[in-house]
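Please have the sequence and the model in view while I talk.

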Amino acid sequence: MNPQPNKRTILIIVGLVDVVLSGAILLIYFGLLPIDISEWGIPRWVIGIIGGVWFLSAIGLVAYQLTRTDISD
């Protein structure tokens, strides 16, 4: 049994969950979700940077896993 497809599927699912969570953080940062982030005690720009970097890295992970070719001998 080849464990590679299972590992790849798990990485795709985890990447998609990360995209959704970081997207929610960015929506909160941009004010599209009605959550007040000023009460968290973290500067607003820090939340924006964390959400943006997290979102871009999750998109990169999903894109890599979806475009990777499976070369088997």
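When I speak of helices and strands, I mean DSSP runs numbered from the N terminus, with helices being H or I runs of at least four residues and strands being E runs of at least two. This is a predicted model, in which local features need pLDDT of at least 70 and side-chain atom pairs count only at pLDDT 80 or more, while totals for chains, interfaces and linings use all residues. Residues are numbered from 1 along each chain as its sequence is written, and side-chain values use heavy atoms, with hydrogens and water left out.

With that in place, the protein chain has two helices and zero strands. Of its 73 residues, 22% count as buried, where buried means under 20% relative accessible area, exposed means over 50%, and partly exposed lies in between, using a 1.4 Å probe and protein chains only. Taking contact to mean heavy atoms within 4.5 Å, residues 24 or more positions apart account for 64% of the contacts with a separation of 6 or more.

Let me turn to the helices themselves. Gln-65 is found in helix H2, and this residue counts as buried because its relative accessible area is 4%. Setting aside residues up to four places away in sequence, Gln-65 touches Arg-8, Leu-11 and Ile-12. Gly-23, for its part, sits in helix H1, and it is buried as well, with a relative accessible area of 17%. The C-alpha atoms of Gly-23 and Gly-52 are separated by 8.4 Å, although these residues are 29 residues apart along the chain.

Leaving aside neighbours within four places in sequence, Trp-40 is in contact with Ile-28, Ile-35 and Ile-47.

Finally, a word about a charge and a ring: Arg-44 lies over the face of Tyr-29, at 5.1 Å from the ring centre, the criterion being that NZ of Lys or CZ of Arg is within 6 Å of the ring centre and within 35 degrees of the ring normal.
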